[in-house]
Amino acid sequence: KREIEQREGEVHALERNRADELQVYGPETKDILLDIERERRFKKKPRGPIGRYLKLEDGRYAAALEEALGPLVFAFCCEPGNDYRLLQDIVDRRFQRRRGGRKPTIVMQKFQDQHYNVASHLPRSNQKNFCDLVTCDDPVVFNAIIDQKSVEYDRIVASHLPRSNQKN
């Protein structure tokens, strides 16, 4: 019985951590995601916030990447047409009663099952770029970032890091 209680405590802790992780994206995010899960009329389930799908390989570059992506980290991706209208209704409902706060951007694009091949666009240098520093397993999210920000062309140089983060 004690082991069961311990396991239940671990499950609750994981759920709290996930909720805390979502707080970074704003107080309405958790409810938006729940509404998306409940909505059965989506042809393809929207993705978002985009930042949730990104794994940074080197934390020293977090500020530079946040600056490069800007508010796109808070955005959602969905297919055009009815899926867009459904997602827009969910977001509008969640922000209807709130004063202030920033609605997440909705990026409309045709969902593809494969990441764009950006290898030929990558800068040929020793400097890091977005694709070196970030892992994104979801092709829809990855492609949205490329379409919206063209980050495959950007170089991220060490001189833009705080001195305490630079390696000597």
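## A tour from the pocket to the cores

Begin with the largest pocket, which holds about 300 Å³ of space; a pocket here is an open set of points on a 1 Å grid over the protein atoms alone, where a 1.4 Å probe fits, with protein on both sides within 12 Å along at least five of seven lines, and its volume is the space filled by probe spheres set on the points. This is a predicted model, in which local features need pLDDT of at least 70 and side-chain atom pairs count only at pLDDT 80 or more, while totals for chains, interfaces and linings use all residues. Residues are numbered from 1 along each chain as its sequence is written, and side-chain values use heavy atoms, with hydrogens and water left out.

Select the 14 lining residues of this pocket, among which Gly-51, Leu-54, Ala-62, Glu-66 and Val-73 lie nearest its centre; lining residues have an atom within 4 Å of a point. The largest share of the lining, four residues, comes from α3, and both β1 (55–56) and α3 (62–69) supply at least two residues each, where helices (H or I, at least four residues) and strands (E, at least two) are DSSP runs numbered from the N terminus. Coloured by type, the lining divides into 11 nonpolar residues, one polar and two charged, with Ala, Val, Leu, Ile, Met, Phe, Trp, Tyr, Cys and Pro counted as nonpolar, Asp, Glu, Lys and Arg as charged, and the others, Gly among them, as polar.

Next, select Pro-49, in the loop between α2 and β1, and inspect the peptide bond from Gly-48 to Pro-49, which is cis, with omega near -20 degrees. Most peptide bonds are trans.

Move on to Ile-50, which, leaving aside its neighbours within four places in sequence, is in contact (heavy atoms within 4.5 Å) with Leu-72, Val-73, Ala-75, Cys-77, Val-141, Ala-144 and Ile-145. Of its 24 residues, Ile-50, Leu-65, Leu-69, Leu-72, Phe-130 and Ile-145 touch the most other members. To this core α6 gives the most, with six residues. A second, separate core of 13 residues includes Leu-22, Phe-42, Leu-86 and Phe-95.

Note on methods. A nonpolar core is a set of buried Ala, Val, Leu, Ile, Met, Phe, Trp, Tyr and Cys residues joined through side-chain atoms within 4.5 Å. Buried means under 20% relative accessible area, exposed over 50%, partly exposed in between (1.4 Å probe, protein chains only).
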